[in-house]
Each structure stands twice: as structure tokens, then as C-alpha cells.
Amino acid sequence: MPLCSTARPSLSSGNPLSLAAQTVRLEGMESALDPHAALALLEWQVELGVTDAIGDTPVDRYALPDTAPRPERPVAAVATQAVPPQKAPETDPVQEARKSAVRAASLPALREAMAGFDHCELKKGARNLVFADGIPGARVMIIGEAPGREEDREGRPFVGRAGQLLDRMLAAIGLDREQNVYITNVLPWRPPQNRDPLPIEIAMMKPFLERHVALAQPQVLVLMGKISCDAVLGRQSITRLRGQWTQAMNLQVLPTFHPAYLLRQPHMKRLAWADLLELKAKLREQ
Ligand code: URA
């Protein structure tokens, strides 16, 4: 416990009588006490737990006003009590995405709009925006799920192992992203650890996907995997949906297995092959 003193004496050393006198002098009581009384007072203070003398200026506590003025309440505290905290107006990310997407009049403008869209948390963790690959205006537009590690690094969709399988699948029916296929994903940013996209992430990026399809003007859409079926058709049941033509976004749509799934379940390639033949037949018809 500190005791106010100018001399900062150590209570464990020195002449107790002069120290006591000094301490008492500092308390403004020198006229009232002799050194012996001062020593008694010092011992009493030591008993109370005083160990050090501090403070450069003596304080005559008898001269202080009876009640110390109350510290003024901080303005911020007063304001907090008087006015309930105001919530910042909430922005609806889906609404913001719609506004931003409809303004894009071309694919480069859409890419720029997506790059400037700050409401999706995935953007913060991604290295690159993965917009699209292939030939804009091609008859076939493929919609995958989201970039993985390789795609995030390169900024192009389907360049990893699943992408290589996709290229082989397309080649088997005479398609090629260098010539006659356009490819994008539901999400342009890689989810951490390749986790499934969250419903809110899909919802806020869907207006961009719809605009992407409208601007790319394909004849048919191929949905790869349950996430793109969810985003475009509102249904995830890929085993039931696959291989069946349906209608969405004013286009003929064919759901099929995701190539990453086929890498894990190679025996499903037989069904994927059947889907590819469906696609080939449709393109011949049109
Ligand atoms: N899987 C996808 O769905 N998209 C990619 O771009 C890569 C892997």
C-alpha cells in the first residue's frame, strides 16, 4: 500500500524516528506530533499495510473539501444511455447483386461487376476471381460448382484433375473449350477447404449467374453436380435429375454428374457417358 511522501523512504531501513517525523510532516501534522507520536503513527500505518512512500507533493487531506467533485460523466456514456444504439441500415446482398448484375451490358462488364461485389465473404479468402473459360457465345455452356485450389491459383474454371476429366469427357463427343464450349461456375471464389457453398452464397451469386447465361447466349446448359442443380433448378437430387432434359433460364438444361464425383466413383462414368450422348444428340437436333 503506498503512502504519500516527498522523500520516498524505504520503510524497512533508516532511522524510524526521523522517517516517522518525515512521514507525519508530509501528512501536514508536524505541528501536532512529536517524533515519538510520529513513530507510533508510522507503525500504525505499517500495520495497515503501508510499504512504500510515494508522491512528490504532500497532501493535506484536512484541507481538502468534504466532498470531492464528482467526475463528469463521459459524453459518450450519456449519449449511449439517452439514445438507443442505431443499427446501420442492413443491405440485402441478393438485392445488391441483382442491381449490380442487371447493369452489366457485356461479359467484361459482368466480370468487373463481380470483381467489385464485396458482399460475399469468399472473396476475401480467394486469390482470384474465377469468371469463365472457353468460347463466349458457344452453343454449350457448362456450369460447375466453385473453384478449387488450382482454379483459384490460375483464375480459370476446371483446370485441376476434375477439369482434365471434363476435357476428356467433352472430347469424347467432339467438344472442346478452345472451340465450342463455354464454362463457368455458380461461385467465382473458392470456398475455404473446398467446403460446399452456403445457401446464402449461392443466393447472392445467382443474379450474376443468370446475367452470365443471358449475356453468353448458349443454346443449352449443362449443370455439373448437385450445387449447380440447386442454384439453377432449386433441386439437389442429382441422381434423379441427371440425364433428363429440363427447362430453366429460358433454355434446355441437362443435369449430370460432376467430374470430381466421377473421379471418386468411377463406376458412375457409365451413366455420365449416357448423359454425354444425350447432349450430343440434342446438339445434332438443334
Ligand atoms: N469444380 C468445379 O465445380 N469447378 C471448378 O472450376 C473446378 C472444380
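In which handedness of crossing does H4 pass H9? The crossing is right-handed, that is, the near helix is turned clockwise from the far one by less than a right angle. This is a predicted model, where local features need pLDDT of at least 70, side-chain atom pairs count only at pLDDT 80 or more, and totals for chains, interfaces and linings use all residues. Residues are numbered from 1 along each chain as its sequence is written, and side-chain values use heavy atoms, with hydrogens and water left out.

**Helix packing**
- Helices here are DSSP runs (H or I, at least four residues), numbered from the N terminus.
- The axes (lines fitted to C-alpha atoms over the stretch in contact, angles from 0 to 180 degrees between N-to-C directions) of H4 (residues 93-103) and H9 (residues 199-216) come within 8 Å and cross at roughly 15°.
- That makes H4 roughly parallel to H9 (angles under 35 degrees).
- H9 and H10 (residues 226-233) have axes that come within 10 Å and cross at roughly 70°, so these two are roughly perpendicular (65 to 115 degrees).

**Aromatic pairs**
- There are 2 aromatic pairs in the structure (ring centres within 6.5 Å).
- Phenylalanine 117 and phenylalanine 208 sit edge-to-face, 5.1 Å centre to centre with 70° between the planes (over 60 degrees counts as edge-to-face).
- Phenylalanine 117 lies in the loop between H5 (107-115) and H6 (122-125), phenylalanine 208 in H9, 91 residues apart.
- Phenylalanine 208 is buried at 0% relative accessible area (buried means under 20%, with a 1.4 Å probe and protein chains only), and phenylalanine 117 is buried too, at 3%.

Definitions and conventions
Angles under 35 degrees count as roughly parallel, over 145 as roughly antiparallel, 65 to 115 as roughly perpendicular and the rest as oblique. Rings of Phe, Tyr and Trp (its six-membered ring) pair if their centres lie within 6.5 Å; planes under 30 degrees apart count as stacked, over 60 as edge-to-face and the rest as tilted. Buried means under 20% relative accessible area, exposed over 50%, partly exposed in between (1.4 Å probe, protein chains only).
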